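Let's take a walk through a protein model together. Have the sequence and the 3D view ready, and follow along as we go.

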Amino acid sequence: MLIGLCGKNAAGKTSAAEYLQKKGFYYRSLSDAVREEAKNRSLEDSRENLIAVGNDLRKKFGPGILADRVLMSIDKDKNYVIDSIRNPSEVAALKKRSDFFLFYIEANDEIRFKRTQSRARPGDPKTVQEFKKLEDKELKSAYKNAQQILEVIKMADRNVDSNGPIPELNKNIDKALQTLPQNFDRPDWDEYFMKIAKEVATRSNCVKRKVAAVIVKDKRIVSTGYNGTPRGVKNCNEGGCPRCNNFTDAGTKLDECLCSHGEENAIVQASYHGVGLKDSIIYTTFSPCLTCSKMIINAGIKKVVFNADYPLGETAKKMLEQAGVELVQIKI
């Protein structure tokens, strides 16, 4: 899941982020891109400069740009805590993920001002009047590209009290986490195995087309195969197949092609290792050709799930249907 943090200056967002990191969350901050840009402009890393640079980036690339950049940098198999969310468009961009939740870290003005005094960061205000004046600039604005923290706060999924000491904040974070739904975006089995087949295709050594197949029995992969020259023959991308390396017109001189198809290799590999394929399912990135379809039928495979149509596959499809093999297309 992705946990976003929002709140006013010195509310305790950093402490919340540090606690979530201890619980296995990876840290990302929308301010990282802002700091990098400020560095490129030879600007001091002050709060006022960062606000100005952030506003400028949003103006040039859109108000959600910082969130978009963070989303591009994260892995789907990890939990993240995302700090420095200051514009409603950033929240909207992050909420495209069903597993994103925004926490509002909340503390009163007096406590927040005392915290700014104790941490003594560059550019932090020295008086309560300066504190409120600076904060007014980031809490709301008539410009959509500027910081609008009050609007962001309204979009929060959970409020987390941060007026007390850090152990109390940590307990409040735990309580908030326990109330969140587990919105896992899990692929169904067909999508799962097809994505694996597409990954297997990256191992292909054919210079014309990369195709792969995965054979599954009882939701367990029993064989994989990708197209390329036979074992012991020079790889296609090293010049092993003259037809492919000459980029011969599609559909011509197929009898001269030295590359075995992905489905063919998956079936042969199963046979090579003594694995029976009766009543299995084959997932292939392209619908099978006529030769591969004959092998699929005779191997006892009961279902073909394919991603894209093979240009010369219509006769093969009719034959598979006649033989009682189920055909399903899913586009990934």
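Which order do the strands of the open sheet with mixed pairing have? The order is 7-6-8-9-10, in an open sheet of five strands. Before we go on, a word on what you are looking at: this is a predicted model, in which local features need pLDDT of at least 70 and side-chain atom pairs count only at pLDDT 80 or more, while totals for chains, interfaces and linings use all residues. Residues are numbered from 1 along each chain as its sequence is written, and side-chain values use heavy atoms, with hydrogens and water left out.

Helices (H or I, at least four residues) and strands (E, at least two) are DSSP runs, numbered from the N terminus. Two strands pair if DSSP finds at least two bridges between them.

Back to the sheet with mixed pairing. Strand 7 (220–226) and strand 10 (326–329) each have a single partner strand, so one side of each is left without a neighbour in the sheet. From one strand to the next, the twist averages 20°. Angles like this run from 0 to 180 degrees between N-to-C directions, and axes are lines fitted to C-alpha atoms, for helices over the stretch in contact. Strand 6 (residues 212–217) and strand 7 run antiparallel and are joined by six bridges. Here you can find Ala 212 opposite Tyr 226 in strand 7. Helix 12 (residues 262–272) lies across strand 6, strand 7 and strand 8 (281–286), and runs at about 130° to strand 7. Contact, in this description, means heavy atoms within 4.5 Å.

In the loop between strand 6 and strand 7 you will find Lys 219. Its phi is near 60°, a positive value in a residue other than glycine. Most residues other than glycine have a negative phi. Lys 219 counts as exposed because its relative accessibility is 52%; buried means under 20% relative accessible area, exposed over 50%, and partly exposed in between (1.4 Å probe, protein chains only).

Five strands form an open sheet with parallel pairing, in the order 2-3-1-4-5. Its edge strands are strand 2 (26–29) and strand 5 (158–161), each of which pairs on one side only. Neighbouring strands are turned by 25° against each other on average, direction ignored. Strand 1 (residues 2–6) pairs with strand 4 (residues 100–106) in the parallel sense over five bridges, and Leu 5 stands opposite Phe 103 in strand 4. Strand 1 also runs parallel to strand 3, joined by three bridges, with Val 81 as the bridge partner of Ile 3. Four bridges join strand 2 to strand 3, again in parallel, and Arg 28 stands opposite Ile 82.

Where do the side chains of strand 3 (residues 80–83) point? Tyr 80 and Ile 82 point one way, Val 81 and Asp 83 the other way, and all are buried. In a regular strand the side chains alternate between the two faces of the sheet.

Next, look at a pair of helices. The axes of helix 2 (residues 31–40) and helix 3 (residues 47–61) come within 9 Å and cross at roughly 105°. That makes helix 2 roughly perpendicular to helix 3 (angles under 35 degrees count as roughly parallel, over 145 as roughly antiparallel, 65 to 115 as roughly perpendicular and the rest as oblique). Helix 2 makes the contact through Ala 33, Val 34, Arg 35, Glu 37 and Ala 38, and helix 3 through Leu 50, Val 53, Gly 54 and Leu 57. In the loop between these helices sits Ser 42, whose phi is near 60°, a positive value in a residue other than glycine. At 69% relative accessibility, Ser 42 counts as exposed.

Finally, visit the aromatic rings. Trp 189, Tyr 192, Phe 193 and Tyr 283 form one aromatic cluster. Rings of Phe, Tyr and Trp (its six-membered ring) pair if their centres lie within 6.5 Å; planes under 30 degrees apart count as stacked, over 60 as edge-to-face and the rest as tilted. By this rule there are six aromatic pairs. Trp 189 and Phe 193 are stacked, with 5.7 Å centre to centre and 20° between the planes. They are separated by about one helical turn because they are four residues apart in helix 10 (residues 189–200). Trp 189 is partly exposed at 43% relative accessibility, whereas Phe 193 is buried at 3%. Tyr 192 and Phe 193 form an edge-to-face pair, 4.9 Å centre to centre and 65° between the planes.
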